Amino acid sequence: PVVMEMLEREDMTPVDLCWNVDAHIATYEHVFNLLDGCDRDQKKIFVAAGLREFHRYCIDGKHERCFKQVGKKAGKCAAKLHMCPGQMEEMVNSDQCSKKLEAFEQCFEKGKAPRCADEIKDFYFGMKERLENADDDLSRHELACEVMGKFLIEDKH
């Protein structure tokens, strides 16, 4: 995988890649290919395990306050916009998905920002830029909806 090559080539540790946009994009692409053909439950288990490890190596002991604030603000925006996590499949399959994600982003970025380290802010804005430039025909919100629809929703059995 590309991330392993990055680690070897650039003499880095996995923790060095926590907030590296290129590493995240490469990991997502690798995982999407790796889990192609798996059913939805298998994908959810894998994603949960990956997020747990990411939290352990990249957030625990370093960025808890930031992500607690992010979670609170995201929860308030989700509630305000009637976006229930339990209804993600319905949202992703809706023709309003990209509009809802854009409204969520606008809500999240409005007002007081969570207090986060510069590396996290740089990662957030870097990821937004990469997603915006990833597809000439789709906005980053449309692309996110398409990816979630293909990866998290559809069963391929």
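Predicted model: local features only at pLDDT ≥ 70, side-chain atom pairs only at ≥ 80, totals over all residues.

Reader: What volume does the second largest pocket have?

Author: About 220 Å³.

Reader: OK, on to packing. At what angle do the axes of H4 and H6 cross?

Author: Roughly 130 degrees, and the two axes come within 9 Å. That angle makes H4 oblique to H6. The crossing is right-handed.

Reader: What about H6 and H7, what's the angle there?

Author: Helix H6 covers residues 97-109 and helix H7 covers residues 118-133; they pack at about 155 degrees, with the axes 15 Å apart.

Reader: Why do H6 and H7 count as roughly antiparallel?

Author: Because their angle is about 155 degrees and anything over 145 goes in that class, H6 and H7 are roughly antiparallel to each other.

Reader: Left-handed or right-handed?

Author: The H6 and H7 crossing is left-handed.

Reader: How do H2 and H7 cross?

Author: The axes of helix H2, residues 21-34, and H7 come within 9 Å and cross at roughly 55 degrees. H2 and H7 are therefore oblique to each other, and their crossing is right-handed.

Reader: Switching to single residues. Where does Asn-20 lie?

Author: Asn-20 is in the loop between helix H1 (2-9) and H2.

Reader: Buried or exposed?

Author: Asn-20 is buried, since its relative accessible area is 17% and the cut-off for buried is under 20%.

Reader: What separates the C-alpha atoms of Asn-20 and Gly-126?

Author: 8.9 Å, although Asn-20 and Gly-126 are 106 residues apart along the chain.

Reader: And Ile-59, where's the place of that one?

Author: Ile-59 is in helix H3, which runs over residues 40-59. It counts as buried, at 4% relative accessibility.

Reader: How many residues apart in sequence are Ile-59 and Cys-18?

Author: Ile-59 and Cys-18 are 41 residues apart in sequence, and in space their C-alpha atoms are 8.8 Å apart.

Reader: Where is the place of His-82, then?

Author: His-82 is in the loop between H4 and helix H5 (88-93).

Reader: Is that side of things buried or exposed, for His-82?

Author: His-82 is exposed, because its relative accessible area is 69% and exposed means over 50%.

Notes:
Residues numbered from 1 in each chain as written. Heavy atoms only, no water. 1 Å grid on protein atoms, 1.4 Å probe; cavity = no way out; pocket = protein on both sides within 12 Å on 5 of 7 lines; lining within 4 Å. Points joined across faces, edges and corners; volume = space filled by probe spheres on them. Helix = DSSP H or I, 4+ residues; strand = E, 2+ residues; numbered from the N terminus. Buried < 20%, exposed > 50% of the residue type's maximum accessible area, 1.4 Å probe, protein only. Axes fitted to C-alpha atoms, helices over the stretch in contact; angles between N-to-C directions. Parallel < 35°, antiparallel > 145°, perpendicular 65-115°, else oblique. Left-handed = near helix turned anticlockwise from the far one by under 90°.
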